[in-house]
Amino acid sequence: MSRYSKAVTSILVFYLSGLGIWFLDALMAGPLSLQVIIPLVIAVIGTVSTIQSMRGGMRDMLSSEAFFFGIYLLSRGIIIMITQRDLGFFAYGMVLIIMGPLMILFASSLWAGFDYNNFRIRNICYAVMAIAGTKLFLTFLFAFNHDGIIYMLMDFLTIIVALNIVIFSMDRSVSQSSLMQSIRESTDSMSALLYNVNDAYILGSGCQEVQHLIDSDQDGQVRLKLLSNQIRNRMLIFTKTDGKLRADLHATDYVHANPLYMMDVRDVVIGERYLTVYSHEGRWFRLLIYENLQEDYTKAKIFGQVIDFDLYLRRYSYHRLLKKNIREQEDERKEQE
Amino acid sequence: MEYGGFRGFYKGILDFIMSNISYVMGTIMILYAIFSILLDMRTMSPGFTVAVNIVPLLFGILILLDAHHSLFFTVGMYAVAIGFSRFVRYLPMEFRGSPISSLLGLILLYMAANLIYHGIRFLRGNSRAITWVIIGSLFFVLFQTFVLIAIFSDQDSLVQSEDIGQAIITMFMLLTYIALVSSTQVRRSTNMERLNSILIGFRLTTGTGSDFSLDRGSVEVLKDFFNGALDESMMTISDEGPVYRGTVIHFKDRFQDGTLFLQRWEGPDGPVYLTMSEHEDGSVLGVDTRRIDDVSESGDLLIIRYSDSRTGVFRIRAAREDDGPIVKGTEGAA
């Protein structure tokens with residue numbers, strides 16, 4: 001879906017929901033009362049302003065839409081507080097009066113250039129959806145009559161507008177990681193260096209291959225899978241060129257990934273428990289040696305089958321990514337042809 | 001019984017329970033399901049009784065069948081089963097016609113759904129902040145207390161008196177769940193703990209910690225090793241590779257322990273290398289090795305000059321900073 005079609009859809013949803021709320025209000029209070037006119041005015045001005053802001057980009061459009069949604073929430077909250085005497089409505093109005101100005105504040109500051117408030121706007125939308133959803137549910141249970149149905153539809157439209165903002169604020173051009181997510185991504189990339197991993201191992205057969213390469217007079221290469229239950233598997237490559245041995249440890253288990261270490265090997269010591277590789281300038285690394293694959297005891301094994309929920313989910317997303325890449329490559333090839 | 005013996009006995013019991021936790025939890029789950037079926041059959045339709053209790057029964061069996069006795073699988077299945085069972089059980093509260101009962105039901109449904117979510121996270125081996133899991137579960141327990149109070153004070157519009165057995169069982173199950181998620185293995189699976197482990201590894205390996213310290217004994221070992229005066233019995237002797245002699249000492253960065261590998265290469269007069277690592281055993285990867293040029297003391301600091309012009313500084317830790325037997329007059333000021 002292109003950014004243009006996303007923007008048009010978002011504006012359309014915003015406008016139609018505004019009209020819908022106006023229409024529902026008009027059913028109860030008559031078409032010309034102040035409380036009915038307000039959502040209509042907000043919907044119309046908001047839509048025009050949002051269309052105008054499309055020139056600036058998705059962020060401007062989003063901030064404009066969120067700004068007018070904030071005004072709507074505030075005005076709706078005030079109207080409810082003035083006109084309703086029911087305690088439930090009163091509480092609902094109070095929440096809207098808090099959420100509205102917050103939304104206005106964050107939307108206007110997003111427009112002014114405070115990027116992170118995109119995330120805050122989304123959080124307020126979640127809160128509005130939760131409170132409107134609860135009210136809708138309670139109305140369904142305890143006030144399922146003519147007025148109740150109209151209120152339910154209004155709540156539903158409020159949820160739709162909030163959801164609309166949430167969905168389109170996740171667009172790649174404007175979305176960003178939460179603070180925690182960002183920290184996670186950075187530290188995950190630090191973990192690629194493996195300094196906190198102490199269960200990395202290779203199989204005994206791999207050690208024999210390395211020994212064979214060292215003893216041999218001919219040049220060659222040995223590719224070993226560096227296995228670990230703490231991390232995903234890596235690739236360790238020993239290459240012998242002109243009698244000199246080099247060790248490359250790769251960031252993933254396929255060869256095209258960036259090498260993490262490249263070491264000119266001075267000595268390889270294969271003991272009973274460890275394989276240790278020394279460089280000329282004092283660097284070294286050590287790996288465990290096992291004859292068999294080490295089972296991951298944090299994962300269940302039922303009837304001989306290891307149950308790895310995380311892997312199933314990752315594999316699903318990996319396959320989707322793989323299919324997408326293949327599709328893109330085929331498209332490129334066709335274009336070249 | 002002697003104090004030390006009793007302590008060992010108690011630790012043995014706890015170790016036994018933790019190493020057989022999947023059997024314990026699986027059995028508890030199956031017993032819960034059977035007991036619950038017996039209670040529910042008196043008040044509910046057979047179909048609803050099955051719907052509420054089938055998942056705990058099946059999941060209990062699956063936990064027992066797990067050959068790995070995985071704690072994550074146990075905790076995850078346990079949470080999903082209780083959450084699902086509670087969710088189905090509380091669903092009718094929404095339609096009893098009492099506003100307060102419905103509101104109460106809504107909160108309980110949310111908590112049950114939350115429990116299922118926690119369970120799925122555990123099954124993936126990655127839990128949320130344990131504090132929130134415990135707080136959420138404690139709220140659930142408090143609601144059960146509320147249910148019991150309502151029953152004893154004859155608030156029939158809120159709850160039914162037949163719920164008493166279920167409330168007590170649920171409390172027990174949730175308290176067991178809280179105990180389970182407090183175990184070390186589960187606590188260390190949170191995102192924050194994982195990040196923490198990476199950052200600890202980084203600071204210990206790269207030497208960027210704010211308070212690296214060595215005790216007096218380790219300082220002497222380091223100095224003696226560098227000067228070639230360390231007793232042979234305190235070193236490893238290698239015939240293979242470039243390492244002539246090696247030894248290991250431990251340092252601290254506040255409460256975190258790290259390992260220093262000291263290696264002398266190429267004979268008795270060869271260069272000395274220092275490597276900082278988080279682990280002593282197992283694989284050692286990504287570590288930074290530095291060649292030592294000089295070791296000196298300045299006040300309570302040990303200063304190491306490396307051949308690449310960098311300097312490593314370790315504070316010499318006083319004996320009183322380390323935990324151990326408290327005996328008058330033995331700690332000294334150093």
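Mentor: Helices (H or I, at least four residues) and strands (E, at least two) are DSSP runs, numbered from the N terminus. This is a predicted model, where local features need pLDDT of at least 70, side-chain atom pairs count only at pLDDT 80 or more, and totals for chains, interfaces and linings use all residues. Residues are numbered from 1 along each chain as its sequence is written, and chains are lettered from A and ligands numbered from 1 in the order in which they are written.

Trainee: OK. How many helices and strands does chain B come to?

Mentor: Chain B has 10 helices and eight strands. Chain A has nine helices and nine strands.

Trainee: What radius of gyration does chain B have, against a compact globule?

Mentor: The radius is taken over C-alpha atoms, and the globule rule is 2.2 Å times the number of residues to the power 0.38. For 334 residues that rule gives a value near 20 Å, but chain B has 29 Å. Its C-alpha trace spans about 85 × 45 × 45 Å along the principal axes of chain B.

Trainee: And what does chain A have?

Mentor: Chain A has 30 Å, while a compact globule of 337 residues would be near 20 Å. The C-alpha trace of chain A spans about 95 × 50 × 40 Å along its principal axes.

Trainee: Now cores. Which residues have the most contacts inside the largest one?

Mentor: A nonpolar core is a set of buried Ala, Val, Leu, Ile, Met, Phe, Trp, Tyr and Cys residues joined through C-beta atoms within 7 Å. The largest has 46 residues, and those with the most contacts inside it are A:Ala200, A:Ile202, A:Leu226, B:Leu260, B:Leu262 and B:Leu285. A second, separate core of 42 residues includes A:Trp22, A:Phe67, A:Met99 and A:Ile159.

Trainee: What does B:Leu260 touch?

Mentor: Leaving aside neighbours within four places in sequence, B:Leu260 is in contact with B:Val248, B:Ile249, B:Phe251, B:Leu274 and B:Met276.

Trainee: Let's do strands. Is β4 of chain B mostly covered or uncovered?

Mentor: Covered: seven of the 10 residues in β4 (residues 256-265) of chain B are buried.

Trainee: How many bridges join β3(B) to β4(B)?

Mentor: Two strands pair if DSSP finds at least two bridges between them. Here 10 bridges join β3 (residues 243-253) of chain B to β4(B), and the strands run antiparallel. B:Gly246 has B:Gln263 as its bridge partner in β4(B). The two strands form a hairpin with two residues between them, and B:Arg254 in the turn has a positive phi of about 55°.

Trainee: And how many join β4(B) to β5?

Mentor: Six bridges join β4(B) to β5 (residues 272-277) of chain B, again antiparallel. B:Arg264 stands opposite B:Val272 in β5(B). That hairpin has six residues between the strands, and B:Glu266 takes a positive phi near 55°.

Trainee: What order do the strands take in the open sheet of chain A?

Mentor: The order is β1-β7-β6-β5-β4-β3-β2 (chain A), seven strands with mixed pairing. The edge strands are β1 (201-203) and β2 (220-226) of chain A. Five bridges join β6(A) to β7(A), which run antiparallel, and A:Tyr274 stands opposite A:Leu288 in β7(A).

Trainee: Last one. Why does B:Ile304 count as buried?

Mentor: Because B:Ile304 has 21 C-beta neighbours inside 10 Å. B:Ile304 lies in β7 (residues 301-306) of chain B.

Definitions and conventions
Buried ≥ 20, exposed ≤ 12 C-beta atoms within 10 Å, placed from the backbone. Contact = placed C-beta atoms within 7 Å.
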